[in-house]
Amino acid sequence: MGYGVKTEQVQFKSLQDTITGTLFLPGDTNHDSSPQSIPAVLFCHGAIDYKEHFFEFAGYLARHGYASLAIDMHGHGQSEGNRYHVRMDQWVPDVIAATDFLAQHPSVDAKRIGAVGFSSGGSAVLEAAIEQCPLKALVTLDATVRNVINPIEVAFFKAVSVAGRIKRRLVGRDVKLPLYRAAIKVPAACNPAVNGDFYRDPYFVKGYTAYPLPGALESLVIDTIDRVDQIKIPVCVIHGEEDQVDSPQSAQLLYEKLSGDKALHIIPQSGHIGHLDYQKEKVQCITKAWFDARL
């Protein structure tokens, strides 16, 4: 059965900063007069990204009976925080705060909340699950669970980050690297139109033209894979077969390291931004089926 969709613009606090989101609800949900207990899903975007890229996905789940909350993570979109910083010590609290917000919503069943995390947002939802955030199931989309650059690049970015920490102590600002030209050399999508739109987005251009270090280091250098065996809730791993930003091998390693209820889907004709690419409908259907069975 399909539903119409209605939206609510929402805000809540995480680490004293305001986090902004859009909540998609099935159109027949009227929590003002007769509260209903429906499952909910949180959407967490990646680095130099924002919630609007998940509106179509969130609307799809809402049409199928879910409350779907797409948020701007700390430092991104309309949320507060240092611009373009990707820090798990901020993003994990964002996931926890968003889960608490959903649990308190009159239409949501607090015991049936899941999350979808894309790229660095995948890092955040996995790290939140490691910290026992009260989520019941996860879906990761091309999640960043290990270093996405080679050892020489890791050494370089760590060295620049050391300089950035010194600069931050002295003048309160990170070192900012012009990485836009390097970033667009690697296709984000198989669909050329989607890839072009994504890379020409002024938000993306601005973020990668002045990439903050150490602020965004964890989007490139991270060791989440070392801890995912601690996760107790079900995890569905979705990854693009043509992902050139983060190899599908990352998904295989993540799947192998997970110890509980799990699934792995490597999607053909799908790049790093599979939720926008040729196979986006397949990604949506797999996600819905996973949550249907576990929420």
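## Terms and basis

A residue is called buried when its relative accessible area is under 20%, exposed when over 50%, and partly exposed in between, using a 1.4 Å probe and protein chains only. By this scale tyrosine 84, with a relative accessible area of 8%, is buried.

The structure is a predicted model in which local features need pLDDT of at least 70 and side-chain atom pairs count only at pLDDT 80 or more, while totals for chains, interfaces and linings use all residues. Residues are numbered from 1 along each chain as its sequence is written, and side-chain values use heavy atoms, with hydrogens and water left out.

## Overall form

The chain holds nine helices and 10 strands; these are DSSP runs numbered from the N terminus, with helices being H or I of at least four residues and strands E of at least two. With a radius of gyration of 18 Å, close to the 19 Å that the globule rule gives for 295 residues, the chain is as compact as a globular protein of that length. The radius is taken over C-alpha atoms, and the globule rule is 2.2 Å times the number of residues to the power 0.38. Along the principal axes, the C-alpha atoms fill a box of roughly 55 × 40 × 40 Å.

Of the 295 residues, 57% are buried. A contact means heavy atoms within 4.5 Å. Among contacts between residues at least 6 apart in sequence, 73% join residues at least 24 apart.

## Surface and charge

The accessible surface of the chain is about 12300 Å², and carbon and sulfur atoms account for 52% of that area. Accessible areas come from the Shrake-Rupley method with a 1.4 Å probe, and for residues only the protein chains shown count as cover.

The chain carries 29 positive and 33 negative charges, whose mean positions are 5 Å apart. Lys and Arg count as positive and Asp and Glu as negative, with His and the chain ends not counted. Each charge is placed at NZ of Lys, CZ of Arg, CG of Asp or CD of Glu.

Helix 9 covers residues 280-294, 15 residues in total, and reaches 21 Å from its first C-alpha to its last, close to the 21 Å expected at 1.5 Å a residue. The expected span is 1.5 Å times one less than the number of residues. Val283, Gln284, Ile286, Thr287, Lys288, Trp290 and Phe291 are its buried residues. An α-helix has 3.6 residues a turn, so residues three or four places apart point the same way.

Tyrosine 60 sits in helix 1 and is buried, with a relative accessible area of 11%. Leaving aside residues up to four places away in sequence, tyrosine 60 touches Gln284, Cys285 and Lys288.

## Backbone features in loops

Glutamine 16 is in the loop between strand 1 (5-14) and strand 2 (17-26) and is exposed, with a relative accessible area of 69%. Tyrosine 84 is in the loop between strand 4 (67-71) and helix 2 (88-104).

The peptide bond from leucine 213 to proline 214 is cis, with omega near 10 degrees. Proline 214 is in the loop between strand 8 (211-213) and strand 9.

## Selected helix residues

Glycine 121 is in helix 3 (residues 120-130) and is buried, at 0% relative accessibility. Not counting residues up to four places away in sequence, glycine 121 touches Cys44, His45, Gly46 and Trp91. Glycine 121 and lysine 185, 64 residues apart along the chain, have C-alpha atoms separated by 22 Å.

Proline 202 is in helix 7 (residues 202-209) and counts as exposed, at 62% relative accessibility. The C-alpha atoms of proline 202 and leucine 23 are separated by 25 Å. Isoleucine 166, in helix 4 (residues 151-171), counts as partly exposed at 40% relative accessibility. Isoleucine 166 and arginine 146 are 20 residues apart along the chain, and their C-alpha atoms are separated by 26 Å.
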